[in-house]
Amino acid sequence: MSKPEKIVAVKGMNDILPQDAPMWELFENTAETILKSYGYQKIVTPIVEDTSLFARAIGAVTDIVEKEMYSFEDSMNGDQLTLRPEGTAGVVRAVLEHNLVYDGPKRLWYKGPMFRHERPQRGRYRQFFQFGAEAVGFSGPDIDAELIMLCRRLWDDLGLQNVRLELNSIGNADERLRHRADLIAYLEKHEDILDLEAKRRLHSNPLRILDTKNPAMQDMVNGAPKLLDYLGEESLAHLNGLRKILDRNAVQYTINPRLVRGLDYYNRTVFEWVTDELGSQGTICAGGRYDPLIEQFGGKATPAVGFAMGIERIIELMKGLGETQTPSQCDVYLVHQGEDAQLQAFILGERLRDAGLDVVLHCATPAGAGSFKSQMKKADGSGAAFAVIIGEDEIASNQAVVKAMRADVDKAAGEQQQSKVAFEDVVDYVVDQIVGDHDHDHDHVHYHP
Ligand code: ATP
Ligand code: MG
């Protein structure tokens, strides 16, 4: 029989392996804790939505809708469906569908996979994870400042230092229209410098040309009419209100007049958190105000603002901090030999878990049940604080051998590295040792009573 062909993951879609999972958990726990501390509530929406939702929300002339969506026909009923490329559209749909803002504004957050058919490269994948927030029903610069400041708190808590904030206002539709006319005239004057992409966008989405990464266009684009110079009184007041709060709270930023969101529904505040440590995919968080969107969806006019972070990019930054020490798998590894010992090990395992400990019980592999020696090696590799060992002698004496496995718990355990402990006392004994140790070292211990 020939060997079956290997099946591999879809291009641009990644596995998150156990060695990386703790880093993801750390990010998610930190982000969720912070969002909660600002009063944000979790919302979960489906990964698949009607294609028309994204076409309407994101806008027909954007990268996403033009070429990046994974769309398909539901073979059961012919519905046109799309794997969500971003989170805002689904959240806004849910807010309207369930009338979530009937009793006032809502602060929401979400996380999950997004799908875009892009050319895979470092920091750019076809399935990637976003963590995002949407504040729906708030109109002032205060909530914009809040969203930005909770991002700052997140970078601080994660220990990310080389992240900077870029800020801009893209005004309202009228202001953009006046700017657009001048911008197109300017770009037409420099048509020889425009690349193909820019030429294509010249009349559909010229604002997005300002966003170009093409070095040959930088000088030209730097001299283009700035939307900031077209802002009316209200848009300016909003921007200045935001800047005042940021300044008073020592949030540093640069005003980047070229920062735009290519989507029609964005207005006023736009911002990005950027790093130089990730090559060309340096934006780890992008946000902005989208006051017109909900009305465009058929809802009552409701202002809103939000951001989305690319989690893969943030994880890569966190890896750069060098804190890649593999955390321990468990508090206790149960080593046993013989049938009676195995049954006793199961009973002790359940009782240790009842007490809040993480326990790995040695189980058989095709190589067999494993000698004491090979089981102890596994115990060592697991990073457990203690091995609880049961063999024939232990069954005969109703005592387990409890062995401290790490230098840090040795100390807490005193001189004695290895003790005989009656089966019924094993849980108390181990908990005592670990709680004693807990004061010294928080990082390794799983104990959660
Ligand atoms: P770009 O101009 O780089 O394509 P975008 O405007 O498409 O970015 P947003 O839709 O604003 O990006 O998404 C918010 C964040 O999600 C980005 O700043 C980035 O961190 C992350 N992100 C977007 N697309 C991808 C992707 N294909 N792979 C990984 N992360 C992504
Ligand atoms: Mg994109």
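A polar contact here is a pair of N or O atoms within 3.5 Å; within protein, one must be able to donate a hydrogen and the other to accept it, and residues adjacent in sequence count only if both atoms are side-chain atoms. The model is predicted: local features need pLDDT of at least 70, side-chain atom pairs count only at pLDDT 80 or more, and totals for chains, interfaces and linings use all residues. Side-chain values use heavy atoms, without hydrogens and water.

| Residue | Protein atom | Ligand 1 atom | Distance |
|---|---|---|---|
| Tyr125 | backbone N or O | nitrogen | 2.9 Å |
| Arg208 | polar side-chain | oxygen | 3.3 Å |
| Thr283 | polar backbone | oxygen | 2.8 Å |

On its own, ligand 1 has 600 Å² of accessible area, and the protein covers 88% of this. Areas come from the Shrake-Rupley method with a 1.4 Å probe.

Strand 6 (127–136), strand 10 (283–289) and strand 11 (304–310) each give two or more residues to the shell around ligand 1. Strand 10 gives the most, with three residues. Strands are DSSP runs (E, at least two residues), as are helices (H or I, at least four), numbered from the N terminus. Around ligand 1 there are 16 residues, with Arg116, Glu118, Arg124, Tyr125 and Thr283 coming nearest. A residue is near if one of its heavy atoms lies within 4 Å. The shell holds five nonpolar, four polar and seven charged residues. Charged means Asp, Glu, Lys and Arg; nonpolar means Ala, Val, Leu, Ile, Met, Phe, Trp, Tyr, Cys and Pro; the others, Gly among them, are polar.

Note on methods. Residues numbered from 1 in each chain as written. Chains lettered and ligands numbered in written order.
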